[in-house]
Amino acid sequence: MNYKLIEIKHSQNKEHPENGGLAFLEAEQDIPFPIKRIYWIYGAAKDVRRGFHAHKENVQFLFCPFGRIDVMMDDGTTQETVSLDDPAKGLILSPELWHEMLWMTDGAILCVAASDHYDESDYIRDYDQFLEYAKQLRAGK
Ligand code: TYD
């Protein structure tokens, strides 16, 4: 499936865990596209589900700096779920994957760096339409 989990560079002093960690991303080095937009989802309660769409062009880099969020991805034939349960985990998500995010902890934060500006016409929000789109993509390959 067309996604990639990466380890975000981070620093943590093992002798002073109380100081916390520091994670960092260098644009165009760690994120494989020029970032045009950053958004984040905050204040969501455990068990909330969001997403339920795919994109046509927009590539996204997701990370969860606080809490745990599970991301289910679907390419039209199979489904896979990854857990963003560590502030140093990053997920590069191809546009054509249907995705649903499940909040596993209260107040978990989802941060997203996107390759495109917000454009509603880039969204596929209907699952049946998505299945048809995925079928066409497979036929074109
Ligand atoms: P929406 O895509 O419905 O969120 P989700 O699918 O995760 O539940 O977005 C919620 C609203 O915010 C919707 O009206 C579109 C708007 N929005 C923007 O204006 N800019 C953005 O960058 C994003 C991600 C959403």
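The largest nonpolar core has 17 residues, and Leu62, Val71, Trp103 and Leu110 touch the most other members. Such a core is a set of buried Ala, Val, Leu, Ile, Met, Phe, Trp, Tyr and Cys residues joined through side-chain atoms within 4.5 Å, where buried means under 20% relative accessible area with a 1.4 Å probe, protein chains only. This is a predicted model, in which local features need pLDDT of at least 70 and side-chain atom pairs count only at pLDDT 80 or more, while totals for chains, interfaces and linings use all residues. Residues are numbered from 1 along each chain as its sequence is written, and side-chain values use heavy atoms, leaving out hydrogens and water.

Another core, of nine residues, lies apart from it and includes Ile6, Ile8, Phe63 and Ala113.

Five strands form an open antiparallel sheet in the order S8-S7-S10-S5-S12; strands pair if DSSP finds at least two bridges between them. S8 and S12 (123-124) stand at the edges with a single partner strand each, so one side of each has no neighbour in the sheet. S5 (residues 49-55) is joined to S12 by two bridges, and His55 has Tyr123 as its bridge partner in S12.

Notes:
Buried < 20%, exposed > 50% of the residue type's maximum accessible area, 1.4 Å probe, protein only. Helix = DSSP H or I, 4+ residues; strand = E, 2+ residues; numbered from the N terminus.
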